[in-house]
Amino acid sequence: MPGHYILDQHISVGDGDPTSPCILISATRDVILEGNGHFVTYTYLPDYERQITAISIVDAINITIVDITVDSFDTGIYARNIQDLTITSAIVKGTDSFCVNDCTGIVIEGATKVTIKDTVISDFGNNNWTPSLNQSCLGMHFSDVASLTVQSCTIQNIKARRGPVSDGPIANIGGTAGGIAVMSTSRGIFQDITIRDVLGGPSGECSSVDCVDDGSGFAYGVSFYDGSEGNLCHNVHLTGIRSNHTSGLGNNGVGFLLYE
């Protein structure tokens, strides 16, 4: 229901229902969620297959998330079918040890008027374990968003690296890592953003003589695709964007990626 909600203590959750968000804002309007400097963190068993989100916002209008830290979730903040969403002064951290599924700091799907400011996203991914060949870890992902502003944000240490997979001949399969992915999104402004240390490709930990780098997976800083138009980037700094392939397959990442 509408209101101003302020956390008065840290929230720590562990293994349980791996599909439910820790905080759900759904079918409502005019909500402010203020972390008040507190954090929401997830503790889990290393081999527990989970896909859990810290904060999920669905079918809502005029929502503000401010001054909150989320830590060790597969997805930090997820929003779908939103009008007027503001996220400010958030710290969104994943886990640098492994990511069982795809992992992303902030995901926005189907929205109008979104503003993200003064937010830091870090430590998503490393070794991804599912058999999917399309494994990815991203800092931010926007899909079908009209009127978007991302300002004064830092995205760092994003890794999508599939470890060696043993199923017949051993293959060192790569994952795709990205700073910001923009899909079917118009009138976006990306200003004063730092993206650093984004690593895609295989883990590079394959020691067997039968282990082959299949060349899949790569890294990019910012990508625009599927009809994204009218987007402006200003003062966007990219460093350490690279792929971790063996000799001959290339280790260079892509700064800006534009395609249909």
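Let me start with what I mean by a pocket. On a 1 Å grid over the protein atoms alone, a pocket is an open set of points with protein on both sides within 12 Å along at least five of seven lines. Its lining residues have an atom within 4 Å of a point.

Now the ground rules. This is a predicted model, where local features need pLDDT of at least 70, side-chain atom pairs count only at pLDDT 80 or more, and totals for chains, interfaces and linings use all residues. Numbering runs from 1 along each chain as its sequence is written, and side-chain values use heavy atoms, with hydrogens and water left out.

Overall picture. The protein has zero helices and 20 strands. Both come from DSSP runs, numbered from the N terminus: helices are H or I with at least four residues, strands are E with at least two. Of the 260 residues, 48% are buried. Buried here is under 20% relative accessible area, exposed is over 50%, and partly exposed is in between, with a 1.4 Å probe and protein chains only. The exposed surface comes to about 11400 Å², and carbon and sulfur atoms supply 49% of it. Those areas are from the Shrake-Rupley method with a 1.4 Å probe.

Contacts next. A contact is heavy atoms within 4.5 Å. Take the contacts with a separation of 6 or more: 75% of them are between residues 24 or more positions apart.

Back to the pocket. How much space lies in the largest pocket? About 150 Å³. That volume is the space filled by probe spheres set on the grid points, which are joined across faces, edges and corners. The lining is Thr53, Thr75, Tyr78, Asp102, Cys103, Thr104, Val107, Ser136, Leu138 and His141. By type, that lining holds four nonpolar, five polar and one charged. For the classes: Ala, Val, Leu, Ile, Met, Phe, Trp, Tyr, Cys and Pro are nonpolar, Asp, Glu, Lys and Arg are charged, and the others, Gly among them, are polar. Strands β7 (75-88), β10 and β12 each give at least two lining residues.

The structure holds one. The criterion is a pair of cysteine sulfur atoms within 2.5 Å. Which cysteines form it? Cys103 and Cys137, with sulfur atoms 2.1 Å apart. The link is right-handed, with 80 degrees about the S-S bond. Cys103 sits in strand β10 (residues 103-117) and Cys137 in strand β12 (residues 136-162), so the bond ties together parts that are 34 residues apart in sequence. Cys103 is buried at 1% relative accessibility. Cys137 is buried too, at 0%. Two further cysteines: Cys153 is buried at 2%, and Cys233 is partly exposed at 30%.

Gly178 touches Cys137, Leu138, Gly139, Ile158, Val198, Tyr220 and Gly221, not counting residues up to four places away in sequence. Gly178 is in strand β15 (residues 176-183). Buried or exposed? Gly178 is buried, with a relative accessible area of 0%. Gly178 and Gly253 are 75 residues apart in sequence, and their C-alpha atoms are 9.6 Å apart in space.

Now the backbone. Most residues other than glycine have a negative phi. Here are two with a positive value. Asn62 has a phi of about 60 degrees. Its place is in strand β5 (residues 53-66), and Asn62 is partly exposed at 30%. Asn81 has a phi of about 55 degrees. Asn81 is in strand β7 and partly exposed at 46%.

Thr41 is in strand β4 (residues 39-42) and is buried at 12%. Setting aside neighbours within four places in sequence, Thr41 is in contact with Ile11, Ser12, Val13, Asp71 and Phe73. Thr43 lies in the loop between β4 and β5. Thr43 is partly exposed at 44%. What is the C-alpha to C-alpha distance from Thr43 to Val13? It is 6.2 Å, with Thr43 and Val13 30 residues apart in sequence.

Methods: On a 1 Å grid over the protein atoms alone, a cavity is a set of points where a 1.4 Å probe fits but cannot get out, and a pocket is an open set with protein on both sides within 12 Å along at least five of seven lines; lining residues have an atom within 4 Å of a point.
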